[in-house]
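Welcome! Let's walk through this structure together, one step at a time.

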Amino acid sequence: MQRSSPPSSDPSAAKAGPRGPVLELRDLVTRFPGDDGPLSIVDGVSLSVASGETLAVVGESGSGKTMTFLSAIGLIPPPGRVTSGQVLLEGTDLLTHTPEQLRAVRGERISMVFQDPLTGLNPVFTIGEQIVEVLRAHRKLSRAEARKKAIELLERVQIPDPGRRVDDYPHQLSGGMRQRVLIAMAISLDPSVLIADEPTTALDVTVQAQVLELLAELREESGMAMVLITHDLGLVARHADRVAVMYAGRVVEQGSAKAVFEQTAHPYTLSLFRGVPSLDTDTAQDLIEIEGQPPDPAFLPPGCAFEPRCFLGQGRASCQATRPGLQPTLGTEHQTACLHSAELTATRARA
Amino acid sequence: MAGYLGRTLVQLVATLVGIVTVAFFLMRAIPGDPALYMLGDFATEEAVAALRSRLGLDLPVYQQYLVFMERALTGDLGRSVVTGQPALAEMLSALPWSLSLAVAGLAVAVILGVPLGILSAIKQGTWVDMTIMLVALMGISFPVFWVGLVAVLFLSHHAGLFPALGAATGGGFWTQIHHLTLPALVLGLSVAAYIARLTRSAMLEVLGQDYIRVAHAMGVPEPRIFFRLALRNAFIPILAVIGVTFAWALGNAILVEVVFSRPGLGSTVLKAVLARDYQLVQAGVLVLATGVVLINATLNVLYGVIDPRMRSD
């Protein structure tokens, strides 16, 4: 008997086909009240990530990376408020959701792992109870079923002896184990998007690699989209498909990881790269920190926010006068918000 | 857990021995002679000396202490020099009155204070929060005896809802509860105010923790976050205060007992001190201290139940 043609839900076909974005932020603005009027902490951010893809969001602390995604899932701490834009999750705008609808989406379809696993787990409940709490917030499960699922999840994040560990309290686990538990909670309902906010910053170097590997495996298995918020460019190179670089609440460069690494089109990105020690660096000259501090949102320069620290534009009248928007470079999806990015490309061509 | 319970038990016994010892020497340090008090101002020196030797008061203090401790271990705390009744039995008969008042007062405090504190924390910065905190501040500021008098005036004298005096010592259960209500309210209100403020700050601290943000990010509904995930953490400091206030409530029961003319430990101990009735005072101190120490031991065990970190050695 001949097999009929495969059904359209063949996973390999779905994977190979063109994928629309799962999560798309459009022109998102989040404001906090300041002494002289509202401050835009997130200032017109547009980003997107497709299923099975990892988008790295890079920038120094205070650049608005975390705030952008807290805004997206409705967890911006008061008195902050999302004032405009859209957050499209599989086509529906989360900003039009009621708080209860938004709650139902969180954890179920979009989930988040935070930076510090030591404080991320509730000290007075077992890790099993905490995973069960998440499962039962979204599914009608009996306690026994939920517990069984919790053990499966612990196994999935490679916690040894999950049947016994499920009754452990957080203080009985190491930092790396706790982050695995938090990851287990975050993926417990098979979300379409996982936001990992500096998931390894608080961990030992040896554990960092394991946790990242786990995240990569989970993404591979489930085909979810992943947003990796980080300031570690080493991670970006290894794990990201696409990169968005943020500065002062805006995206200043974005594109495929390859394009951003090889044809860096924003001086800020280039400065970040120079801050990364690498084995093939010949001279100490390449290891310069970016001078100065990220700008205070209350005192943003009128022109390009990076101009005062920029090796290319510092003091230039054009940079001080206009704040550049994102523009495509060389007709690709690689975009940069720099008036003089052509000079960067030229410099590299000569070198 | 067994080691934890064992430590708690050892602490309990050591504390009791310490308290009884201190009480013994303090009483001896207060000027005044029970023999003189009993025989009156016109007693002969011989009669006083005879009574002192019969009561063992002529022995050096350390010997009196050894005799006292030896008897105390067998549960014999001597007889009241005033009434001639066994001192321990007299105190124990007063205990239920004070205990019921303290427990009822504390129940009022917890039942009012904890929910108001939670509400205040959840509605932080709103008029609900401000109203609750203003009332709580007033509750803390007014002294117990004044609140007692005002309560008697309005709830008892004007409204006639509750009896103003007495404990209905011979009455049935519900009559006694009826008599207990007003004193318990008076005792409980100021503690309720304190517990409300404490609950609020404990909840606010917990609600700012990372694990609460994680719970929000995982879509756990707010009622579950507030009343389960956050409250169990916030309850650790609340429990500590309940322990302290129980001791406070037993002590303040004296004031409330006087205002409402109720029998109890407070009034019995007060009378005994004035009469230099050593045996009765010692029995009273022992009973009060045992009560407080037992409560604290119970709380220690409860800490262990609530906070797993306390259990691990």
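Two residues are in contact if their C-beta atoms, placed from the backbone, lie within 7 Å. In chain A, residues 24 or more positions apart make up 63% of the contacts that have a separation of 6 or more. Please keep in mind that this is a predicted model, where local features need pLDDT of at least 70, side-chain atom pairs count only at pLDDT 80 or more, and totals for chains, interfaces and linings use all residues. Residues are numbered from 1 along each chain as its sequence is written, while chains are lettered from A and ligands numbered from 1 in the order in which they are written.

Chain A has 14 helices and 12 strands; these are DSSP runs numbered from the N terminus, with helices being H or I of at least four residues and strands E of at least two. Of its 351 residues, 44% are buried, meaning that 20 or more other C-beta atoms, placed from the backbone, lie within 10 Å of the residue's own.

Now look inside. A nonpolar core is a set of buried Ala, Val, Leu, Ile, Met, Phe, Trp, Tyr and Cys residues joined through C-beta atoms within 7 Å. The largest one has 165 residues, and Val193(A) and Val227(A) have the most contacts inside it. Helix α8 of chain B, residues 173–207, gives the most to this core, with 17 residues. Beyond its neighbours within four places in sequence, Val193(A) touches several residues, including Val22(A), Leu89(A), Ile110(A) and Val227(A).

Finally, see where the chains meet: 19 residues of chain B are in contact with 25 residues of chain A. On the chain B side, α9(B) supplies the largest share, 6 residues.

Note on methods:
A residue is buried if 20 or more other C-beta atoms lie within 10 Å of its own, exposed if 12 or fewer, and partly exposed in between; C-beta atoms are placed from the backbone.
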